[in-house]
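Hi there,

Here is the structure I promised to pass on.

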Amino acid sequence: MDLPRPKLFDFHGVSMITYFTDNWEAIQNFQARPDDILIATYPKAGTTWVSYILELLYFGQTSPERQTTMPIYERVPFLELTFPNMDSGTDLADQLPTTPRLIKTHYPVQFVPKSFWEQNCRMIYVGRNAKDNLVSFFHFDRMTVAQPEPGDWNSYLQRFLEGKMVFGSWYDHVNGWWKKKQTYSKLHYMFYEDLAEDTGREIDKLCSFLGLSPSAEEKTRVMSGVTFDNMKNNAMTNYSTDPSMDFKISSFMRKGKVGDWKNHFTVAQNEEFDEDYKSKMKDQTLQFRTEI
Ligand SMILES: Nc1ncnc2c1ncn2[C@@H]1O[C@H](COP(=O)(O)OS(=O)(=O)O)[C@@H](OP(=O)(O)O)[C@H]1O
């Protein structure tokens, strides 16, 4: 696709691009329902993985046709892009014949429309360690014309440290949502690394949070559907249907590993990153694992 790459600008103190701010007022007025489930992440932290887990848990049995006909980004629409559909004047969320509605967002916590809090909706936040998150974001920006020009790896890393990324600073994002968890009981905060270490255990925790009790057989089916290889080979989850991505440059389902950062950071970059990380996270209780 031959589109100019968007530019970052400051939006209420967060670096953004217009794709995600154009419908700001309408999105802020979005009317959540009490049973809506919001899946929130910093970009590239495991959104699609958790979206697909939820999709299979809720609809894998009742709507199997969804699994073969609708890409995951239609089944779990992106709040920032989809609501409301300004052109037709209707809400895609209202057209989704499903309950609960599963909705994805990359907003920092302070941008979430107030109706989600008023309706006391369940929310799931997925965090991923900063180094792997950054590497994944770099490759995504390389392959996606709808993202700002990434530049080279070193300049991208510097931008990450400065928080000049789409959806702002990783540090503010993970900490903002973590702080919210201390006062909002319907927020389940989970980690990509835990999911990679023991998918079954994390699905159990999710089910307990959501009040679901899948049979052993159903859980096995979900676990099989959401392995990296199966999602990579599934056209409905690997984003191969998204025209804004150039799969000759990278893949959406790229590596799916904890620790791939080691293949990108030089020793000097790693030292600089660690020092900066310590100072930015020194007052935080939140902890991430960069290897498992
Ligand atoms: N099943 C499974 N197992 C392991 N890893 C997985 C899985 N599904 C998605 N991924 C990895 O998650 C990264 C994409 O993140 P997101 O889905 O959050 O991207 S997005 O923000 O919605 O664009 C991207 O990470 P990287 O491979 O490190 O780039 C995906 O490969």
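Below are a few notes on helix packing and on one pair of strands.

This is a predicted model, in which local features need pLDDT of at least 70 and side-chain atom pairs count only at pLDDT 80 or more, while totals for chains, interfaces and linings use all residues. Residues are numbered from 1 along each chain as its sequence is written, and side-chain values use heavy atoms, with hydrogens and water left out.

Let's begin with helix α2 (residues 47-59) and helix α13 (residues 216-225), whose axes lie 10 Å apart at an angle of about 150 degrees. The two are therefore roughly antiparallel (angles over 145 degrees count as such, and those under 35 as roughly parallel). On the α2 side, Tyr52, Ile53, Leu56 and Leu57 meet Glu218, Val222 and Gly225 of α13 (contact means heavy atoms within 4.5 Å). By class, five residues of this contact are nonpolar, one is polar and one is charged.

Next come helix α9 (residues 153-162) and helix α15 (residues 267-281), packed at about 5 degrees with axes 11 Å apart. These helices are therefore roughly parallel. Residues of α9 in the contact include Trp153 and Phe160, and those of α15 include Phe273 and Lys280. The contact of α9 with α15 divides into five nonpolar, three polar and three charged residues.

Finally, strand β3 (residues 37-41) pairs with β4 in the parallel sense over four bridges (pairing takes at least two DSSP bridges). Here Ile37 stands opposite Leu102 of β4. In β4 (residues 102-105), Leu102 and Lys104 point one way, Ile103 and Thr105 point the other way, and all are buried (under 20% relative accessible area, with a 1.4 Å probe and protein chains only).

Best wishes

Methods
Axes fitted to C-alpha atoms, helices over the stretch in contact; angles between N-to-C directions. Parallel < 35°, antiparallel > 145°, perpendicular 65-115°, else oblique. Nonpolar A, V, L, I, M, F, W, Y, C, P; charged D, E, K, R; others polar. Buried < 20%, exposed > 50% of the residue type's maximum accessible area, 1.4 Å probe, protein only.
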